Amino acid sequence: MKGGGHWRGSGPMRCAGRMSEPLDIPRVPWSGRNDGDSAEHRRWWQAVRPYSPEALSAAVAAHDGERSRPAVLLGFRSEEGVRRNKGRLGAAEGPGAIRAALGPLAFHLDREVFDAGDVAVATGRDEVPGDLEGGQERFGSALAAALDAGALTVGLGGGHETAYASYLGLTESERTGGARVGVLNLDAHFDLRSEDRATSGTPFLQMARAEAAEGRELQYAVLGISTPNNTRALFERADELRVRYLLDEYTTWETAESFVEDFLADLDALYLTIDLDVLPAPVAPGVSAPAAVGVPLEVIIAVVRRIAASGKLLHADIAELNPAFDVDGRTARVAARLVDTLLG
Ligand SMILES: N=CN[C@@H](CCC(=O)O)C(=O)O
Ligand SMILES: [Mn+2]
Ligand SMILES: [Mn+2]
């Protein structure tokens, strides 16, 4: 890794409330096929428990090792960032669609999984923007509470504005205190746009600026960059910020493995963010900006598996699922498979 980059748990914002603030109840209840109630028949819909601080604390106290660390799912029902970025609306329904696709999957995990519900952001209009920044703060506070309770957390987006909400939670959490934390983005785009307000295209520049304000350098790597989908200005900004990246055309498991190994080597902890538009459009049509080339799903799964096995994963999120443009739920199924791989 280049530069320093120790997160001190002293991020750019703080807000009261944490997980004690009521979150919205997921719109889509957990459901799936029922083959029986015993453990060998268990599916996700039968395994996931509603989050409560007490239940999570008890599960954390009982767990034994990283593979069984309890997980908390937290949705960010937002498309306001996508709207502000002139993208296609629909990502607010992402968290519900991921839960619906996860519910029927067989549950092979060794850990408990809790669902903390969603933070919702109303979609605005140009004259009356939605309160994205407030939603990102609420998500961040809820996330920090789950992290501080000892959970492995997974954010269910939402547009890629979810990433800045995740960053707020990570910087608020005591678990990033003194740690060298890196951000690995699986994405066709840098999302380093310079705008006068937050969008789905700005989260990593927001992070870089927040880190710089604290005298640190953001440790940011992107796997799957599509050259024609990022302007020269974005490449120049990535170079200025010393971003590491791997182009989609050159991303095989071999190149991805060494890219990830190199990035992980100098880190204590990792925040993984998956923008589903890193995948080829036939695999992930349900996104705002489908990829003409993309990184093969097998490579993305192998990367996710490698990161899960590293013992360094602190938090992950999955963004940009847009059910309005999905085809037979295939993007939602892929998102669910990635969450299952991450926690399995
Ligand atoms: N999260 C969004 N990222 C892309 C979207 C590109 C597009 O809509 O074509 C970006 O802003 O570069
Ligand atoms: Mn993208
Ligand atoms: Mn993105």
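This is a predicted model: local features need pLDDT of at least 70, side-chain atom pairs count only at pLDDT 80 or more; totals for chains, interfaces and linings use all residues.

Tutor: Residues are numbered from 1 along each chain as its sequence is written, chains are lettered from A and ligands numbered from 1 in the order in which they are written, and side-chain values use heavy atoms, with hydrogens and water left out.

Student: How many helices and strands are there in the chain?

Tutor: Helices (H or I, at least four residues) and strands (E, at least two) are taken as DSSP runs and numbered from the N terminus. Counted in this way, the chain has 11 helices and 10 strands.

Student: What is the radius of gyration of the chain, and why is the chain called as compact as a globular protein of that length?

Tutor: The radius is taken over C-alpha atoms, and the globule rule is 2.2 Å times the number of residues to the power 0.38. For 344 residues the rule gives 20 Å, and the chain comes close to that, so it is as compact as a globular protein of that length, with a radius of gyration of 18 Å.

Student: Which residues coordinate the manganese ion (ligand 2)?

Tutor: Donors are N, O and S atoms within 2.8 Å of the metal (3.2 Å for Na, K and Ca), and sites may look incomplete, since water is not among the atoms. Along the chain the donors follow the spacing D-x1-H-x85-D-x1-D. At 2.2 to 2.4 Å, the ion is coordinated by D187 (OD), H189 (ND1), D275 (OD), D277 (OD) and D277 (OD).

Student: Which residue bridges the manganese ion (ligand 2) and the manganese ion (ligand 3)?

Tutor: The two ions lie 3.2 Å apart.

Student: Is D187 buried or exposed?

Tutor: Buried means under 20% relative accessible area, exposed over 50%, and partly exposed in between (1.4 Å probe, protein chains only). With a relative accessible area of 0%, D187 is therefore buried.

Student: Why do the UniProt "binding site" residues D187, H189, D275 and D277 gather at one spot?

Tutor: The UniProt record, an unreviewed entry, places this feature at D187, H189, D275 and D277; its positions are given in the numbering used here, feature names are shortened, and annotations may be inferred rather than shown by experiment. These residues span 91 residues in sequence, yet they gather at one spot because no two of their C-alpha atoms are more than 8.7 Å apart.

Student: With which side chain does the side chain of H160 make a polar contact?

Tutor: A polar contact is a pair of N or O atoms within 3.5 Å; within protein, one must be able to donate a hydrogen and the other to accept it, and residues adjacent in sequence count only if both atoms are side-chain atoms. H160 lies in the loop between β5 (152–157) and α6 (162–172), and H160 is buried, with a relative accessible area of 0%. Its partner, at 3.0 Å, is the side chain of D191.

Student: Where is D191 placed, and what is its relative accessible area?

Tutor: The place of D191 is in the loop between β6 and α7. D191 is buried, and its relative accessible area is 9%.
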